Amino acid sequence: MSVLVVVECADGEVKKSSLEVASYGAQVAAQLGTTATAIAVGEANEANLAKLGEQGITKVLYDAEPRLKDFVNNAYTKLIATAAEQEQAKIIVLANSNIGAAVGSRLSVRLKASLATNVVELPKTDNGQFLVRRGAFSGKAFSDVVLSGDRKIIAVKKNSTEARHDAGKTAEVTGFSAQLSDADFADAPTQVVMQDQAGGILLPEAERVVSGGRGMKGPENWGLIEDLAKALGAATACSKPVSDVDWRPHHEHVGQTGITISPNLYIACGISGAIQHLAGVNSSKVIVVINKDPEAPFFKAADYGIVGDVFDVLPKLTAAVKELN
Amino acid sequence: MKFLVCISNVPDTTTKIAFTPDNKEFNKAGVQFVINPWDEYALTRAIELKEAAGSGTVTVLNVGEADTEPNIRKALAIGADDAIRVNAVPQDAYFVAEQIAAIAKDGAYDVILMGKESIDYNGFQVHGMVGEMLGIPTVAPAMKLDMSGNTATLEREIEGGKEIVTVNTPFVASCQQPMCEPRIPNMRGIMTARTKPLKVVPAVGEPARTTVAEFALPPKKQGVKLIPAETAGDLIKLLRNEAKVI
């Protein structure tokens, strides 16, 4: 038996969330006294795959089939299922991403495995149980879930565990073929459209996030948010009312019915802190709130706060970051 | 076209989450339950597509005990034609998926829609499980859904962009914004919903594969450190030297 880790790649690079997943899988393998093998999906580069040794992976399987570059649910499911059978993997670890969740749920039925998504900590494997902690109630709580059965699939929440870097270690990259046929690519996308990302930082994977609410008064003022984000190397986000009125695109909406994120730093500008918004960000490590209303509920959930006008405070912060760099 | 829309019954988004003293169960006392907000996209879009086609049916499905019926009636008031309730506690995603797959197969539904995830369990699992159990494609999460005959064109959100996917019926899609503007019931809908059929059926399949041992709440913050607006730049020094996040 071994632990199989699903590693997502784009443009030859291993995604940051997949480095976290690789580390997580290697630590689970160590807990169980076995090794961790990775299977690469997406557009991979063998040199970067070998570097997964730094996260504790011993072997990487890579199918160079060109149609695997884009996400195809059936093909990815078959690829990973085939790798799991070959490696006799009892535990499969993947990212709790749109790809990971789509594939993980199909795999759980195909491989008769129990599945936990949104997992935030390493499993507890003492007293014969396999227990994982996962986020529930949209970030308002956690649930400790017992996974039964012989096989288990774990989807790890982004930014919830840190990727290890054991410099210099390399993994063996091995060619692998799941004998995929045209039928496996029947649900392939006809077109893939990527957004323009501010500074190329994806919000779900970002370590730092600068977010704006209705207090920003209009989309024309978002330059202030973007300037600070750029200086900090942060992604930009917004509250629900802001995306509802189309000041910002919906994929920037963080909150209970948007995305939940857990960056190291979350700076909320002109956001009052409704319970639905807090649910989306309260697992951030450090929360900064800037609001002119000292009674804004968000201050109760913050680590640092500035009671002041965002239009006055934001330029000062951006200048201070530039000075520091 | 036969649409099957799966809805779950969840605590209202403003709910302050609390558990029973042993942390084994969610404390329902005083909690208002609503149709899962993500499922509202699925429901409204199915009704819109049925209306646009001028024919078809929308059946709403819930796995739950009798206390979910007010929200099933609400879905009927919004415009679903009939409803099925699988009379069981929704134990885990696998168990729920088994119920949906059995009903979808029995009723030969063409399009099976649901929300991206439920806002209480946050599994984001059921769509893929149902698709796999039925051996049909799943598109998740879908931001757009259009139908032309038996062919659907969907926009699927991926990290950093979207994919355009074309599938033939039958298929499963899990829905999210900006698919449509979720509808609210009007008076006529509320009146007619009372007489629309709601069938109650027993659960089928194998037991759940996962069980919740305990719930926990996130740790409380230590309290906010305030920095005067005049010297806002000091915050950046604190973030570097004290919090060590930049």
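**Setting values against cut-offs**

Trainee: Why is V307(A) called partly exposed?

Mentor: V307(A) has a relative accessible area of 33%, and since buried means under 20%, exposed over 50% and partly exposed in between (1.4 Å probe, protein chains only), V307(A) therefore falls in the middle class. Keep in mind that this is a predicted model, in which local features need pLDDT of at least 70 and side-chain atom pairs count only at pLDDT 80 or more, while totals for chains, interfaces and linings use all residues. Residues are numbered from 1 along each chain as its sequence is written, chains are lettered from A and ligands numbered from 1 in the order in which they are written, and side-chain values use heavy atoms, with hydrogens and water left out.

Trainee: What makes V307(A), V224(B) and L226(B) a nonpolar patch?

Mentor: Patch residues need over 30% relative accessible area and no salt bridge, with nonpolar side chains (Val, Leu, Ile, Met, Phe, Trp, Tyr) joined within 5 Å and like charges within 9 Å. V307(A), at 33%, passes the area cut-off, and the three residues together have about 210 Å² of accessible area on the surface, an area that comes from the Shrake-Rupley method with a 1.4 Å probe, only the protein chains shown counting as cover for residues. V307(A) itself is found in strand β15 (residues 304–307) of chain A, helices (H or I, at least four residues) and strands (E, at least two) being DSSP runs numbered from the N terminus.

Trainee: Why are E85(A) and R151(A) said to form a salt bridge?

Mentor: The closest N and O atoms of E85(A) and R151(A) are 3.3 Å apart, and because a salt bridge asks for a side-chain nitrogen of Lys or Arg within 4 Å of a carboxyl oxygen of Asp or Glu, the pair qualifies. It links distant parts of the chain, with E85(A) in helix α3 (residues 73–87) and R151(A) in the loop between β7 (141–147) and β8 (152–156) of chain A, 66 residues apart. E85(A) is partly exposed at 46% relative accessible area, whereas R151(A), at 15%, counts as buried.

Trainee: How do you know that E159(B) is buried, and which side chain meets it in a salt bridge?

Mentor: The relative accessible area of E159(B) is 11%, so it is buried, and its side chain meets that of K158(A) at 3.0 Å, N to O. The pair crosses between chains, from the loop between β8 (151–158) and β9 (161–168) of chain B to the loop between β8 and β9 (172–175) of chain A. K158(A) also counts as buried, at 9%.

Trainee: What makes helix α4 of chain B mostly covered?

Mentor: In helix α4 (residues 126–134) of chain B, 7 of its 9 residues are buried, among them H127(B), M129(B) and E132(B). Just after this helix, G135(B) takes a positive phi of about 65°.

Trainee: Which residues have the most contacts inside the largest nonpolar core?

Mentor: They are I39(A), I100(B) and I112(B), in a core of 56 residues, where a core is a set of buried Ala, Val, Leu, Ile, Met, Phe, Trp, Tyr and Cys residues joined through side-chain atoms within 4.5 Å. Helix α3 (residues 93–106) of chain B gives the most to this core, with 8 residues. Residues that I39(A) touches (heavy atoms within 4.5 Å) include L61(A), L79(A) and F176(A), not counting residues up to four places away in sequence.
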